[in-house]
Amino acid sequence: SKLAENRFRDCIQDFISREVTSEEITSSHYCFQKHLKMAQRISVRFQDYPIQQNEALAAKAGLLGKSH
């Protein structure tokens, strides 16, 4: 993907040596932490979605029940 390609270019400066530079390590850690936070946020949103749907259905049913 374009995002992965851009992040790779940001993290890796060159392929001159086999050693990983401290800048590359720092950048890799940053990318990894950002990925974990994003995955956690997505997980929370997926967990919240059924709850929100159930609350909306319950509210709708409550409104329908009151009007009859």
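Me: Which helix does Met38 lie in?
Reply: Good place to start, and please keep in mind that this is a predicted model. The chain has two helices and zero strands. Helix 2 covers residues 22-67. The helix that holds Met38 is helix 2.

Me: Is Met38 buried, partly exposed or exposed?
Reply: Let's compare its value with the cut-offs. Buried means under 20% relative accessible area and exposed means over 50%. Because Met38 has 43% relative accessibility, Met38 counts as partly exposed.

Me: Which residues form a nonpolar patch on the surface with Met38?
Reply: Met38 has two partners here, and the patch has about 330 Å² of accessible area together.

Me: Which helix supplies the largest share of the lining of the largest pocket?
Reply: Met38 also belongs to this lining, along with Leu3, Arg7, Tyr30, Cys31, Lys34 and His35. Helix 1 (2-11) and helix 2 each supply at least two of the lining residues. With five residues, the largest share comes from helix 2.

Me: How many residues of that lining are nonpolar?
Reply: The pocket holds about 230 Å³ of space. Its lining includes one polar and two charged residues. The nonpolar residues number four.

Terms used:
Residues are numbered from 1 along each chain as its sequence is written. This is a predicted model: local features need pLDDT of at least 70, side-chain atom pairs count only at pLDDT 80 or more; totals for chains, interfaces and linings use all residues. Side-chain values use heavy atoms; hydrogens and water are left out. On a 1 Å grid over the protein atoms alone, a cavity is a set of points where a 1.4 Å probe fits but cannot get out, and a pocket is an open set with protein on both sides within 12 Å along at least five of seven lines; lining residues have an atom within 4 Å of a point. Grid points are joined across faces, edges and corners, and a volume is the space filled by probe spheres set on the points. Helices (H or I, at least four residues) and strands (E, at least two) are DSSP runs, numbered from the N terminus. Ala, Val, Leu, Ile, Met, Phe, Trp, Tyr, Cys and Pro count as nonpolar, Asp, Glu, Lys and Arg as charged, and the others, Gly among them, as polar. Patches are made of residues with over 30% relative accessible area and no salt bridge: like charges are joined within 9 Å, nonpolar side chains (Val, Leu, Ile, Met, Phe, Trp, Tyr) within 5 Å. Accessible areas come from the Shrake-Rupley method with a 1.4 Å probe; for residues, only the protein chains shown count as cover. A salt bridge is a side-chain nitrogen of Lys or Arg within 4 Å of a carboxyl oxygen of Asp or Glu. Buried means under 20% relative accessible area, exposed over 50%, partly exposed in between (1.4 Å probe, protein chains only).
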